[in-house]
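The structure is shown first.

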Amino acid sequence: MQTLSSPNSNAAIAYTREDWKQGYESQPQEFDYWIEDIEGEIPAELSGTVFRNGPGLTDINGYRLRHPFDGDGMINSIAIAQGQAYYRNRFVRTEGYLKEQKSGKPEYRGVFGTQKPGGWLANAFDIKLKNIANTHVVYWGGKLLALWEAAQPHRLDPNTLATLGLDNLDGILTKGEPFAAHPKFDANCPTATGKSEERMVTFGVKSGLSSTLRIFEFHPDGTLAKDHRHTVPGFAFLHDFAITPNYCVFVQNPVSFNPLPFVAGFQGAAECIQFNPEAPTKIIVIPRNGQGKVQFFETDPCFVFHHANAFEKDGQLILDSICYNEFPDIGDAKDYSEVDFDHVPASQLWRFTIDLATAKVDVTVPIERYCEFPTIHPGNVGQEYRYLYIGIAHDQTGSAPLQGLIKRDMQTGAEQTWSAAPRGFGGEPLFIAKPNGTAEDDGWVLLWLYNAVGHNTELAIFNAQDITTGPIAKLNLKHHVPYGLHGSFTSQYFGPQQPRE
Ligand code: CO
């Protein structure tokens, strides 16, 4: 428990662990319904479908997972049109989900430390991993794809969320090939004919003593625009990246991987990652045209999952990333719900300014308080930008569950904050631009909230120009959805054909 209040919340305590833990309970049920309980009004111009992925199960028939990141992917969709909203959720019918639902027991080990029952003997030399399809969900080239970075995506029907199966992207991916869960969308990519188009830019990484990075760019119809491979020295844990018009930018964390405890059955693969605070973090810069040399820049030790954005300006490359001072594992806790927040590193927003000519890297810290899951206007991905929205803990110091939202003006440093403390818990915000909007913050910020008061989940819609006032609408679900990971928005409406009377 922390003690702090904010201007928007008079909470004497930020949260209780009991409340927070309940938001991780499994949600085995699948629903379809019009959302009846709406506070405020859904903006009339907001039309399309919000998708979100995350672990739907945090236990398998009562056997608790050590980490929610090991939970089976469940897709949520909310289709919005004419001020109405339709909710649906479905588990991704992966091979592993179907097998375990049938047998009623864990059949796989989790990357984040969940072991099969039976101690190390039952787990030793079992290195097959379950593609749990739980990290992100995007709609591109007419396909809805559930992403998990260590293997191929699963394709779903965007109307029903029914699983259509593993997808190799029309023959582009080989069986089991890694495909990152953090594609970037370049809104205005010049084409050979002098026009511009939106592109999905993403990557896959195979890591060992050296690491091979495959970079893909996809046209709007899902066909391949670019495909190139690069080998970089050392083990590379690359969860996310950033793009600019000319570059793909990665941060290679100073970690090593010792597979022995994993192979021997004592630990999950991610628990065998060792952070080396003496080693520099490397920024890897790869030309998007696939030619030219790969550049490496050394900077202060830190561990990065997510990047907010990158852009080029006056011979410099600017990269904004969410940085931890060490690898954020769960320590000695028996599972994630028992984690000691006092010993979890709190991430901050760092800005790296890389001089491409001199290789000098400057670091500043625009947001010092704990923050995670950044979002910006989609038209500014890879471009100089002004407004960043990101999840925050209620307390301004230390590490704690995410409960709120901050909007940061990267030019002036001005901030707007809002918190759902003491009984509301957040996650990743999502910025949606207003159709025909002109200002960079002309739009809405969506935030999925777990409300411990009613043990249910709500979708909060904020006016992006005024976060402090709080949500302009709240769509209250009839049930809870476990805390999710990443989501996206498409302006296509995938709800029932006719909004109801
Ligand atoms: Co992520």
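## Pairing around strand β34

Strand β2 (residues 37-40) and strand β34 (residues 473-476) run antiparallel and are joined by 4 bridges. Helices (H or I, at least four residues) and strands (E, at least two) are DSSP runs numbered from the N terminus, and two strands pair if DSSP finds at least two bridges between them. Within this pairing, Ile38 stands opposite Leu475 of β34. Strand β33 (residues 456-463) is also joined to β34 by 4 bridges in the antiparallel sense. Here Leu459 stands opposite Leu475.

## Basis and confidence of the model

The model is predicted, so local features need a pLDDT of at least 70 and side-chain atom pairs count only at pLDDT 80 or more, while totals for chains, interfaces and linings use all residues. Residues are numbered from 1 along each chain as its sequence is written, and side-chain values use heavy atoms, with hydrogens and water left out.

The protein chain has a mean pLDDT (the predictor's confidence in each residue, from 0 to 100) of 91, and 91% of its residues reach 70 or more. Over residues 1-8 the pLDDT is below 50, and this stretch has 25 contacts (heavy atoms within 4.5 Å) in the model beyond near neighbours in sequence. Where pLDDT is low, the predicted coordinates should not be read in detail.

## The open sheet β8 to β11

An open sheet is formed by 4 strands in the order β8-β9-β10-β11, with antiparallel pairing. Strands β8 (136-140) and β11 (163-166) stand at the edges with a single partner strand each, so one side of each has no neighbour in the sheet. From one strand to the next the twist averages 25°, with axes taken as lines fitted to C-alpha atoms, for helices over the stretch in contact, and angles running from 0 to 180 degrees between N-to-C directions.

Strand β10 (residues 154-156) pairs with β11 in the antiparallel sense over 3 bridges.

Glu177 is found in the loop between β11 and β12 (184-190). At 8% relative accessibility, Glu177 counts as buried; buried means under 20% relative accessible area, exposed over 50%, and partly exposed in between (1.4 Å probe, protein chains only). Leaving aside neighbours within four places in sequence, Glu177 is in contact with Ala151, Gln152, Ile172, Arg214 and Phe216.

## Nonpolar packing

In soluble globular proteins, nonpolar side chains tend to be buried together. A nonpolar core is a set of buried Ala, Val, Leu, Ile, Met, Phe, Trp, Tyr and Cys residues joined through side-chain atoms within 4.5 Å. The largest such core has 30 residues, of which Phe203, Leu213, Cys248, Phe250, Leu349 and Leu388 touch the most other members. Elements giving two or more residues to this core include β13 (196-207), β14 (210-218), β17 (247-252) and β27 (387-393). Beyond residues up to four places away in sequence, Leu349 touches, among others, Ala308, Ile322, Val365, Leu388 and Met410.

Phe352 lies in strand β24 (residues 348-355) and is buried, with a relative accessible area of 0%. Phe352 and Val363 are 11 residues apart in sequence, yet 4.8 Å apart in space, C-alpha to C-alpha. Not counting residues up to four places away in sequence, the residues that Phe352 touches include Ile283, Cys302, Leu317, Leu319, Val361 and Val363.

## Salt bridges

Side chains of opposite charge can pair when their charged atoms come close. A search of the whole structure finds 26 salt bridges, each defined as a side-chain nitrogen of Lys or Arg within 4 Å of a carboxyl oxygen of Asp or Glu. Asp186, Glu197, Arg199, Glu217 and Arg288 are linked in a network of salt bridges.

Arg288 lies in the loop between β20 and β21 (295-299) and Asp186 in strand β12, so the pair ties together parts that are 102 residues apart in sequence. Arg288 and Asp186 are both buried. The side chains of Arg199 and Glu217 also form a salt bridge (2.9 Å, N to O), which links strand β13 to strand β14 across 18 residues. Arg199 is buried at 6% relative accessibility, and Glu217 is buried at 1%.
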